[in-house]
Amino acid sequence: MMELSQLIFEFRTCDKKLIKKMANHIVSVILEQLVAEPNVSSIPMSGRREIYDLAKIGFSQASLSKARMGCLLSALSEKLKLRLARENQNPLRASDIKYLSVLNQIHEYVVKEISETSAPSLEQSLQWAIYFLIVSSGACFKELADAVVEKIQHKKNPIEHVAQFDLIQLFYTKPSHFFNAKDDKGRQITERLLFIEPISLMAINGFRKRLEKADKSELVEESAFSILKPLLRRAYTATGVTALSQRQLYRTAAFRLMLNPESNMPQWQRFYADGTIQSSSMTLRSFKALVSGTCKAPSRTETYNADIVKTPRKRKKEKHASNQKPSEHPFISVVIEAIKCPTTKNFRPVNETKQRLKSLTAGDWSLAGEILLEWAIYELEHGKWNASSTVMRNLSAIGIPWLLFSNDIELLDLDIDGASCLYDLIKEARKKQDANVLNALQSLFRFTNHRYSFPLPESLNDQNPNTMVVNTLPSEAHFRQLQIDIAVYFKNERDEIREAIHLMLILVRRLFLRPYEVVGIRIKDVSIYSTDSSLFVRRHPFIFVKTHSAVRRLPAHLLLKSDELALLQKFLTKRKNQADGSKNRLLFSIDPHHDVRFSSSTLSRPVTKLLTAYLGEHTPCYQLRHAGQSALQLVLFGSDELIEQLTPYTAKQAKKIREWLARDANNETLMQLSSLAGHLSSSITLSTYTHHTDLLLFQACCNLEAKYPLRFCQNLSSLRPSTLLKHAKQKTNVGHLSGSEVLQVLRSIQPSKASNALSPKQSDIKCQRVAIKEHQYCPEDCETVLKAYDRNSDNYFAAVTKCGLTPSWAANVVKASQDIKQYKKYFTARGKNSRLYPKNSLKLAPPAPQSLNEREYVTTIWKKLIEAPESTWSTLRKSVDYLFRQTSHGRSGVIFSSPSRLKEFLNDIIPILPSSAKWCLILEPNVGKKAIDPAIQQSKWKKKTRIDVTLAKRSNVTGLEEYPLGRASLHLLKPKVLQMELDKHSYSKYSTNALQYAAHIFAIYQRACELETETEE
C-alpha cells in the first residue's frame, strides 16, 4: 500500500477531476490505520470526534489549499458519520469586523440625527423606519426589506397586533428560498411573518402618522436600499467612514445582531436573518390560533358513517415490484397496448404513441396513473425520449413500483419525508436496473415537482427553491380537538382500533414520528421505565429506514406528557399479553392476534380533513410532526415565557429536555433537534419543519436593551413631547427609554388592538354566525336542514333540533329553498326544469362539490360574502342572478355573448373567490359568413378579460346580433389544477361547480334570514 505521505503529496497536485476520488481514498487509508473496528457506527461519538480532530491536525501540516483541505475534511466527516454544525466552521472574517465598525458609526450618526431633527420630512421618516427595520428587527436581505417598504407605504393597516406581538405579514420572492404560497396571478411566492421590535414599531408609527397628513405623491417607488441611500450618504459625510454596498449593509446588520451579547443569537439565526439560509414560517391565521390557545371546531352536525379501517381475515401476499411482469399489471398492460401494435407486436411510431397516450388521459385513472401518463407525454414532447421502446422500458421498470407503493401514500399530502421514502422504495425495488432507469426515476420526481408542486426527495433536493413548503401549523388546542373528533370519525370501529389511532397521533405529534414509521413500531421498540423511557426507530421489515439518520432513539419520558406516557404503558402491557410474549409483533395492529399493519392513509385522510376544517387552510396530516418539532425548537432556543405560552411544556420540563440533550456535547443544539427528527442535515429541519424561527429572531432582537433619549423617541414616533413625557414618567424616572419601556409607552398611549382569539372576519366560516336578533345561524346550517328534509320530509324537525336549530328556522330554510327552486326565471328555455337542479329532481339540496379542496372554495366564498360591504351587494346580486340564468346542472360553464359583460361579471365575482382561483375560457368563435377571423375574436376576448382563451374545435355559432364575437363559456377550475389538455374538451373534467353551489346556498340563507326576521316582527 502506498504510504500516506505520498498519497497526500499526489493529492496536493492532482487534477481537479480526481480530487473527490483521491480524498475518499486517503480517508479510507487513514481509518484503516486509526480504527481497529470495521464498523464506524460502533465507535461512540466522542471517539469519532477525536479521530476527526487528530486527522484535521495532520491535514493542516500538509500545506494543502483551502478547497482541497475542505474536501478532505468533508470526506472524513461523511465516513465517520459526523454532522458538523455550520456555526462551528469559522463564522468570523476580518471583513466582518471592519464593516461592523462602519455600521456602528453609522448607527451613532442616525441616533444623533433623529434626536436633533424635530420636524423631519416624510422622506426622512421613511428612511429612519427602513434603517431600524434592517438593523433592529432583522429584515436583513433585499427581498424582505423591499416587501416591508411596500407594505408600510401602501397598506392601510400594515401592522397586525396579536396578543403582545406586533408583526407584519410579508410576501416576497427570493430565488434561493422555498415558496409556500401563490399570489393572485398564480406566481410562487414566500409568505413570512416579520415581528417588529419596539424601536422599529415606533419608527413605523411615526412614518404612518406623517403619511396621513402628507401628499401621497411624495411616496417613492424604489427599493429599500435606494430609499436609504440619502441617509447613508449623510452618515458617510459626517463620519468619514467607507461606504457599504447593499449586500455588505444587510450582512453586517445581521452580524451586529448576533454579536450583541444580550441577543444570545446562535450563528444559524444570523444566516437566517441575512437570507443565506431559509426556515419555515407560518400563516397569520396559524399564529393567531397558536397564541389564542383556542380551536374553532367544525360543526357538530357533520357525521362520519364510513368504516375506514377493516380487519382482513386473510392477508394476501403481494408480489414484489421487481418480480411483477408488465403484462400482469392492469394499468401498464393498457399502456403497452397503446405503445405496441397488437397484431405485429412492433412498436408504434413516436407521434402515434404520443397521441394514444394523450387519449388515455381521458380515462378514469388514479392520480398515480395520471402522473405516469403526463410524465411520458412530457418526455416525448420535449424530445428526451426518442422511441416508443424507451417509453415501454421506463414505464415497465418504474411504473409498476410507482403504482404499487403509491397506493399506501396520499400523493397530494406528500412532504419531503414522504417523497424521500417513496423514492427510496422504488429505487430499492429497481436496484438491479441500469443507470438509465435511475435517471428516469429522478426525472419522474423532478416532473412531479415541476408540474404538481410535490416536494423533491432529500437526495434530489439540492436546496431546490421550487419546492413547495406548507406553512400552516396546528396548535396544541387543535391537537386536543383532533383527539376528540378522531374518536367520532372512527366511532364504528372497535375500542382497540380507536385506542391505537389515538396513541399513534400522540406519537406523531410528540415524538415527530413519520406516519409510515408509527404504523410499523414493534413491541420491542418501546421501553418504559420509571425514570427513563425510550422509543426506538429501527430498520426491520415493517419500517423502511431511508438513511442511518432515521435510526434513532427518542426520549419518550421527556417528550410525552405524564398521562400520555401512562396510556402508552397501559397499551404496551395489553399488546404484550396479546402477543404471547413475542416482542417482534407490531405495537399497533388491526388484528390483535396477527400482524396486520395499519395503512398510513388511515391517519392521513381524516386528520388532514379535520385540521383543514380547524384552520380554514389546507393542513396535511404531517403538519402534526412539524408542530412537534417547532415546539421543541422553542424549548431549545426560546425563553421561558415563550415556552409556557406556546408549547405544551412547562419551563421546568423544558430544562430537563435541554439537560438530557446536553449529554451529547459533540453536536450543537440545532443538530440534536435534527437528529431527533431523523434528518440527514439541520438545513432540512430548519427549512421545512421548524416554524418558529421568525419568533426566535424577534426574541433575540427584543433582548437588545439599548436606551434612547426622550428627544429621540419624540422625533422618531412623531408624538407630541407633552404626550410622550406624560406616559414616560409613569414608566421610568430617567431621561432615557429602553425598547421594552418604549413598548409600554406605546401601549399606554394607544391601547393594543391585540386579540387572543381570531376576529370574526378571520375565523372559519363554519364557526361564524350572523346575528339575527335572538338567533344565530350560518350557511352551513342551511345545508343541514336541506339534507335532513331530503332524507325525511315528514319528520325533519327532530333531526335539525338535535343539531341545535329551531323548527322555525328550519321551516324558513325549506320555504326559501322551495321559492328559489320554483322561480321561473331560473328555468330552462322550455320551462320544464330548474337550471339549478338535476332533471326531475325532488330534492331541495343542490348538488354539492365532493372533494375537500372544492369544499374549501365553498367556505371561502361564504366567508367573503358575509364580509362583503353593503356597497357591493347590488352588483353582486346582479352577477349571481346572471350566473343562475346562464348555467345549468351538468354544465359548469357560464355562457357569455360579449367580453364587456364577462369583464363586469369577473370584477364582481373575483373578490369573493379565493386568491388561488383560476379560470378557463372556452370560445366557440362566430363562423358566419360576415364574421371576423376567429383569431381576432380570440384576441379581443383575451385583451378584455386577461384570461387565456382556448378556441373550441367545433363551433356552430353564426348569429352576428347575439354572438358577434362568438360564444364564450367560463369555467372555474378545481383547486390545484396546474395544467390540462383542452384539445378534447377535457376542461369539464377539471372545472368545479363550487361557485354555483356556494351562491345557491347563500341565496337560500339570505332569504331564510329575511323570513325569520319577518316572523319575529
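A contact means heavy atoms within 4.5 Å. Among contacts in the chain between residues at least 6 apart in sequence, 72% join residues at least 24 apart. The model is predicted: local features need pLDDT of at least 70 and side-chain atom pairs count only at pLDDT 80 or more, while totals for chains, interfaces and linings use all residues. Residues are numbered from 1 along each chain as its sequence is written, and side-chain values use heavy atoms, with hydrogens and water left out.

**The whole chain**

Begin with the whole chain in a cartoon view. The chain holds 43 helices and 15 strands; these are DSSP runs numbered from the N terminus, helices (H or I) having at least four residues and strands (E) at least two. Of the 1017 residues, 55% are buried, where buried means under 20% relative accessible area, exposed over 50%, and partly exposed in between, with a 1.4 Å probe and protein chains only. Next, display the surface. The accessible surface comes to about 46,800 Å², and carbon and sulfur atoms account for 50% of it; such areas come from the Shrake-Rupley method with a 1.4 Å probe, and for residues only the protein chains shown count as cover.

**First sheet**

Select residues 188–195, which form strand E4. In E4, seven of the eight residues are buried. In what order do the four strands of this open sheet lie? The order is E1-E2-E4-E3, and the pairing is antiparallel; two strands pair if DSSP finds at least two bridges between them. Strand E1 (160–162) and strand E3 (181–182) are at the edges, each with a single partner strand, so one side of each lacks a neighbour in the sheet. Strands of a sheet pair through backbone hydrogen bonds, either parallel or antiparallel.

Now follow the partners of E4. Two bridges pair E3 with E4, and Ala-181 stands opposite Ile-189 in E4. The hairpin of E3 and E4 has five residues between the strands, and there Gly-186 takes a positive phi near 85°. Six bridges join E2 to E4, and Leu-167 stands opposite Phe-195 in E4.

Select residues 682–689, helix H30. Is H30 mostly covered or mostly uncovered? It is mostly covered, with seven of its eight residues buried, including Ile-684, Leu-686 and Tyr-689.

Proceed to helix H20 (residues 476–489) and helix H25 (residues 600–615), which pack at an angle of about 130° with their axes 10 Å apart. The contact involves several residues, among them Leu-482, Ile-486 and Tyr-489 of H20 and Val-607, Leu-610 and Tyr-614 of H25.

Select strand E13 (residues 919–924) together with E15. These two strands pair in the antiparallel sense over six bridges, and the bridge partner of Cys-920 is His-971 in E15. Four strands form this open sheet in the order E12-E15-E13-E14, with mixed pairing. The edge strands are strand E12 (894–896) and E14, each of which pairs on one side only. From one strand to the next, the twist averages 30°. Helix H41 (residues 934–945) lies across E12, E13, E14 and E15, running at about 160° to E14.

Select Thr-958, found in the loop between strand E14 (949–951) and strand E15 (967–972). Thr-958 counts as partly exposed, because its relative accessibility is 49%. Which residues does Thr-958 contact, leaving aside its neighbours within four places in sequence? They are Asn-926, Val-927 and Gly-928. Thr-958 and Gly-928 are 30 residues apart in sequence, yet 4.3 Å apart in space, C-alpha to C-alpha.

Methods:
Axes are lines fitted to C-alpha atoms, for helices over the stretch in contact, and angles run from 0 to 180 degrees between N-to-C directions.
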